[in-house]
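Visitor: I have not looked at this one before. Can you take me through a few local details?

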Amino acid sequence: MTSLICNLAGVALRNPIIMASGTFGFGREYGELYDLSILGGIASKGLTLHPRSGNTGCRVQETPSGMMNSVGLENPGITSFLENELDHMVASGAVVIANLGGAHLEEYVTGAAQISESCDLRQRQGQKAVDLLELNISCPNVKEGGIQFGVDTEVARQIVREVRQVTRIPLIVKLSPNAQDIVAMAYMCEQEGADAVSLVNTFSAMKIDIAQRRSAFQNTYAGLSGPAIKPIALRMVHQVSQALSIPVIGMGGISSVEDIIEYIMAGAEAVQIGTYNFVNLHAGEELVSGLTAWMEKEKVQSLDEIRGDCLTSIANTDLSNQKSV
């Protein structure tokens with residue numbers, strides 16, 4: 001019998017398809033279009049300790065094979081999420097992932113502690129809570145002039161280490177493709193107690209309004225996502241998968257079942273779907289159905305049969321080359 005089940009830090013997902021943070025809200029709107037319980041998981045809108053209104057001006061621009069966004073982490077804040085959104089996400093039946101951002105170290109730590117305390121209380125009351133915490137280290141460090149936490153490995157180490165100390169929720173660290181060394185960054189996360197890593201977040205990009213002779217975005221640069229970034233994101237997932245023993249969640253430009261299979265073969269345990277949710281409002285249900293059909297057609301009973309196939313083939317090729325020499 002075909003099984004799409006995968007495992008993230010002891011949390012079982014019915015399939016590897018997770019809706020990425022920032023493109024699915026808290027699931028309410030998409031839940032009106034299809035049954036969210038068919039999904040493997042849902043990552044919440046990026047949460048910060050306090051509510052944020054986000055950036056002003058242009059927020060989204062379509063590009064060839066993708067889109068750029070500069071939303072600015074608009075969100076209701078952690079307290080509002082816990083009081084008004086969490087129950088709805090839990091009721092969806094999908095694994096609940098809380099995505100956490102911050103403008104400085106203390107905000108990350110306090111936010112993680114608040115989510116963790118809420119989960120402990122809910123569990124004591126017999127209620128389901130957040131299943132996984134996804135730490136978004138791509139946020140700008142306002143105390144250091146706006147440079148991203150996720151660029152420098154040693155700067156990011158302090159956040160991962162201190163957040164790990166205040167929560168028992170399985171911890172995913174979401175990595176930026178703009179990191180100086182993404183493999184070193186991922187390995188550091190594993191060293192500091194992360195249970196999984198997800199990659200990649202958006203690429204830093206730019207759009208110029210030639211009529212106004214200035215950037216189309218108030219913050220000059222924006223995040224590029226969509227099919228345009230997939231080959232680069234896939235390469236990064238492949239590199240990280242070879243270096244880590246913890247699960248890797250791949251994302252970046254996924255818009256077909258074939259894309260999902262590529263990420264799995266590159267070593268990913270699960271995948272996240274982002275921009276494609278805007279292109280196809282039924283992306284989740286169609287991808288789950290399509291992946292199931294592909295596995296049945298190919299007589300693949302478990303994703304473990306193909307996971308890391310590309311890693312294995314490369315290892316065998318390297319070995320044969322060494323023997324020939």
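**Backbone and helix details**

Guide: Arg213 counts as exposed, because its relative accessibility is 77%. Bear in mind that this is a predicted model.

Visitor: Where is Arg213 found?

Guide: Arg213 is in the loop that runs between strand S14 (208-209) and strand S15 (214-215).

Visitor: And what is its phi, for Arg213?

Guide: Phi of Arg213 is positive, about 60°, although the residue is not a glycine. Most residues other than glycine have a negative phi.

Visitor: Which value does phi take at Leu73?

Guide: Leu73 has a phi near 55°, again a positive value in a residue other than glycine. Leu73 sits in the loop between strand S6 (66-69) and helix H2 (78-91).

Visitor: How does Leu73 count in terms of accessibility?

Guide: Leu73 counts as partly exposed, because its relative accessibility is 22% and partly exposed begins where buried, under 20%, ends.

Visitor: Moving on to peptide bonds. Is the one from Leu199 to Val200 cis or trans?

Guide: The bond from Leu199 to Val200 is cis, with omega near 10°. Most peptide bonds are trans.

Visitor: Where does Val200 lie?

Guide: Val200 lies in a loop, with strand S12 (196-199) on one side and strand S13 (203-206) on the other.

Visitor: New topic, then. How many disulfides does the structure hold?

Guide: The structure holds 0 disulfides. A disulfide is a covalent bond between the sulfur atoms of two cysteines.

Visitor: What about Cys119, buried or exposed?

Guide: Cys119 is buried, with a relative accessible area of 2%. Cys189 counts as buried too, at 0% relative accessibility.

Visitor: Now the helices. At what angle do H6 and H7 cross?

Guide: The axes of helix H6 (residues 230-243) and helix H7 (residues 257-265) cross at roughly 25° and come within 9 Å. H6 and H7 are therefore roughly parallel to each other, as angles under 35 degrees count that way.

Visitor: Is the crossing of H6 and H7 left-handed or right-handed?

Guide: H6 passes H7 in a right-handed crossing.

Visitor: Which residues make the contact?

Guide: From H6, they are Lys230, Ala233, Leu234 and Val237. From H7, they are Asp259, Glu262 and Tyr263.

Visitor: And how many of them are nonpolar, polar or charged?

Guide: The contact of H6 with H7 has 4 nonpolar and 3 charged residues, and no polar ones.

Methods. Residues numbered from 1 in each chain as written. Predicted model: local features only at pLDDT ≥ 70, side-chain atom pairs only at ≥ 80, totals over all residues. Heavy atoms only, no water. Axes fitted to C-alpha atoms, helices over the stretch in contact; angles between N-to-C directions. Helix = DSSP H or I, 4+ residues; strand = E, 2+ residues; numbered from the N terminus. Parallel < 35°, antiparallel > 145°, perpendicular 65-115°, else oblique. Left-handed = near helix turned anticlockwise from the far one by under 90°. Contact = heavy atoms within 4.5 Å. Nonpolar A, V, L, I, M, F, W, Y, C, P; charged D, E, K, R; others polar. Disulfide = S-S within 2.5 Å. Buried < 20%, exposed > 50% of the residue type's maximum accessible area, 1.4 Å probe, protein only.
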